[in-house]
Amino acid sequence: MATFHVQIKSGGKGTAGDHADYIARNGFHRKRDDLVHASHGNLPRWAANDPKVMWKAADKYERKNGAAYREAIIALPAELTAEQNAALVDDIVAKLTPGKPYQFAIHAPSSSLEGEANPHLHLMTCDRMDDGVERSSDRFFTRYNSKRPEDGGRRKASGGRNRMQLRDEVIAMRKSVADTINQHLEINGHAARVDHRTLKEQGADRRAERHLGPARIRGMSPQEKAQYVTVRRNGESDSA
């Protein structure tokens with residue numbers, strides 16, 4: 001059963017470089033063996049095609065209370081092969097990152113509950129939209145100058161939007177991701193579909209599943225795990 005999960009996060013100044021190492025499984029994180037694929041794109045010229053350079057600059061020059069990066073964590077369908085999910089990710093990334101510097105990684109750790117692969121995408125983006133103006137790294141993250149763009153930094157994608165507009169953008173993004181996943185499920189011959197709407201909006205007569213977390217799952221007996229998986233597969237709760 002295909003499940004839909006999209007989590008949106010932001011990272012403050014000083015956190016981008018460390019988080020990029022985490023998703024790319026660099027440094028201390030090399031001991032994890034769940035990295036399937038990693039890539040990046042739309043980097044400014046001064047980054048020399050190295051995302052580490054860009055995130056380091058974001059940590060140094062982004063304003064004190066600003067977001068050094070945004071991240072979307074997206075569950076990928078277990079129905080698709082690794083190659084098919086890679087093609088799906090390329091499609092999702094192209095739709096979510098126009099004009100934005102980005103770095104992404106596909107992880108496929110084993111599920112703590114069922115022991116099966118749990119493929120998902122980590123997509124980090126920089127909010128600073130490309131406007132065709134070349135800037136140095138220190139100017140890149142300064143305030144945008146609408147009258148003289150070359151004298152200011154890049155405009156932020158989230159700039160000038162109120163809370164309702166940002167909410168609507170998140171809903172539209174979730175729908176775009178769900179539509180893209182469903183297109184790839186159909187292309188590859190699967191009847192399963194995902195839905196970005198809440199259970200209430202779908203008219204589903206069941207409660208959302210409570211996230212167990214790895215610590216609680218480790219404390220469950222094999223019988224408890226089997227019972228929980230049976231309930232999930234029978235559709236009595238939505239997947240976490």
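Asp34 and Arg25 are both buried, which here means under 20% relative accessible area, with exposed over 50% and partly exposed in between (1.4 Å probe, protein chains only). Their side chains meet in a salt bridge, defined as a side-chain nitrogen of Lys or Arg within 4 Å of a carboxyl oxygen of Asp or Glu.

This is a predicted model, in which local features need pLDDT of at least 70, side-chain atom pairs count only at pLDDT 80 or more, and totals for chains, interfaces and linings use all residues. Residues are numbered from 1 along each chain as its sequence is written, and side-chain values use heavy atoms, leaving out hydrogens and water.

The structure holds twelve salt bridges. Three of them are listed here.

| Pair | N to O distance |
|---|---|
| Asp34 and Arg25 | 2.9 Å |
| Arg70 and Asp127 | 3.1 Å |
| Asp151 and Arg148 | 2.5 Å |

Arg70 pairs with Asp127. Arg70 lies in strand β3 and Asp127 in the loop between β5 and α4 (137-140), so the pair ties together parts 57 residues apart in sequence. Arg70 is partly exposed at 27%, whereas Asp127 is buried at 6%. Glu62, Arg128 and Lys156 are linked in a network of salt bridges.

Arg25 follows helix α1 and has a positive phi, near 55 degrees. Helices (H or I, at least four residues) and strands (E, at least two) are DSSP runs, numbered from the N terminus. In α1 (residues 16-24), the buried residues are Ala16, His19, Ala20, Ile23 and Ala24. They lie on the same side of α1, because they cover an arc of only 130 degrees around the axis, taken from the directions from the helix axis to the C-beta atoms.
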